[in-house]
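User: I'd like to go through this structure with you. Can we start with the metals and then look at the pockets?

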Amino acid sequence: MITIKSPREVETMAAAGTIVADTLKLLRERTEPGMSTEDLDAIAEEFIRSHPGATPSFKGLYDFPKTLCTSINHEVVHGIPSPKRVLKEGDLLSVDCGVCIDGLHGDSATTIPVGDVSPESERLLEVTQQALAAGLEQAIAGNRVGDIGHAVQAIAEGAGYSVVRELVGHGIGTTFHEEPQVPNYGRPGKGPMLKEGMTIAVEPMINMGKKEIRTLADKWTVVTRDSSLSAHFEHTIHIQDGPPRILTNPSE
Ligand code: MG
Ligand code: MG
């Protein structure tokens, strides 16, 4: 069921989303070679819980054990923070984070370059952000979910990259993953209609090589089959009659 949020619910989601964005901003500032993904997870959990009433959405969600998903290089999403995973210069670190306040969630992801990264990696990050921006431009009441996916796909494939099919964006609210699914591919004018008051997470996962993925033996970490690099950027947005309101922007 696709739910329409009340203005009060949207404001709570914006409060949660702001903490998510501030967490990602803090991690971007703190990330450097030699740190482990466990170090970053500890920073994130402490920061989130320093806000009264805020809890990490991911911890315990489908039994996921941590605050963040941290996915390095060819890992697409759902990497589990670990003291054994130490970042090195040139890595691409995708960080996904959710925060819950009063039973309502915010969800955002970003891919952080660790130190200096290759020009090819820089381009992947730029294009994935452009793809997200193009998708958000289509996230207007009266458009359809396929308009978002088509816009994301056009940018990504136009740059020579591929779009992960099995993992998609989603409605979000009192449940972390709600209807509708928001694929990062599709056809204009197809899929559920976007209506004022819907809140959705748009989250392109873009591979430098082929689109195929597989899940590692830990049952969580999703990687590209061809070991090519992958990037992930995500915002939670409020659908309006006009450009969407981004609920996961930092506080300053
Ligand atoms: Mg996310
Ligand atoms: Mg999401």
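This is a predicted model: local features need pLDDT of at least 70, side-chain atom pairs count only at pLDDT 80 or more; totals for chains, interfaces and linings use all residues.

User: OK. Which residues coordinate the magnesium ion (ligand 2)?

Analyst: D107 (OD), H170 (NE2), E203 (OE) and E234 (OE) coordinate ligand 2, at 2.0 to 2.2 Å.

User: How are those donor residues spaced in sequence?

Analyst: The pattern for the magnesium ion (ligand 2) reads D-x62-H-x32-E-x30-E. The pair E203 and E234 links distant parts of the chain, 31 residues apart. E203 sits in the loop between β9 (199–202) and β10 (205–207). E234 sits in the loop between β13 (230–232) and β14 (235–240).

User: Is E203 buried or exposed?

Analyst: E203 counts as buried, because its relative accessibility is 6%. E234 counts as buried too, at 1%.

User: Why does 6% make E203 buried?

Analyst: Buried means under 20% relative accessible area, so E203 at 6% falls in that class.

User: Where do D107 and E234 sit in the chain?

Analyst: D107 is in strand β5, and E234 is in the loop between β13 and β14. The two residues are 127 residues apart, so this pair also links distant parts of the chain.

User: How far apart are the magnesium ion (ligand 1) and the magnesium ion (ligand 2)?

Analyst: They are 3.2 Å apart. D107 coordinates both. D107 is buried, with a relative accessible area of 1%.

User: Switching to pockets. What volume does the largest pocket have?

Analyst: About 460 Å³ of space lies in the largest pocket. Its lining has 24 residues. Y62, H78, V168, H170 and H177 lie nearest the centre.

User: How many of the lining residues of the largest pocket are nonpolar, polar and charged?

Analyst: Twelve are nonpolar, six polar and six charged.

User: And what lines the second largest pocket?

Analyst: The second largest pocket is lined by 15 residues. L24, S108, T110, H235 and T248 lie nearest its centre. The elements giving two or more residues to this lining are α1 (7–30), β5 (104–113) and α3 (119–137). α1 gives the most, with four residues. The volume of this pocket is about 220 Å³.

User: Last one. Where is L87?

Analyst: L87 is in the loop between β3 (75–77) and β4 (92–101). L87 counts as buried, at 2% relative accessibility.

User: What does L87 touch?

Analyst: Leaving out residues up to four places away in sequence, L87 touches T31, E32, P33, G34, M35, T37, L40, I72, L93 and V114.

User: How far is L87 from D241?

Analyst: L87 and D241 are 43 Å apart in space, C-alpha to C-alpha. In sequence they are 154 residues apart.

Notes: Residues are numbered from 1 along each chain as its sequence is written. Chains are lettered from A and ligands numbered from 1 in the order in which they are written. Side-chain values use heavy atoms; hydrogens and water are left out. Donors are N, O and S atoms within 2.8 Å of the metal (3.2 Å for Na, K and Ca); water is not among the atoms, so sites may look incomplete. Buried means under 20% relative accessible area, exposed over 50%, partly exposed in between (1.4 Å probe, protein chains only). On a 1 Å grid over the protein atoms alone, a cavity is a set of points where a 1.4 Å probe fits but cannot get out, and a pocket is an open set with protein on both sides within 12 Å along at least five of seven lines; lining residues have an atom within 4 Å of a point. Grid points are joined across faces, edges and corners, and a volume is the space filled by probe spheres set on the points. Ala, Val, Leu, Ile, Met, Phe, Trp, Tyr, Cys and Pro count as nonpolar, Asp, Glu, Lys and Arg as charged, and the others, Gly among them, as polar. Contact means heavy atoms within 4.5 Å.
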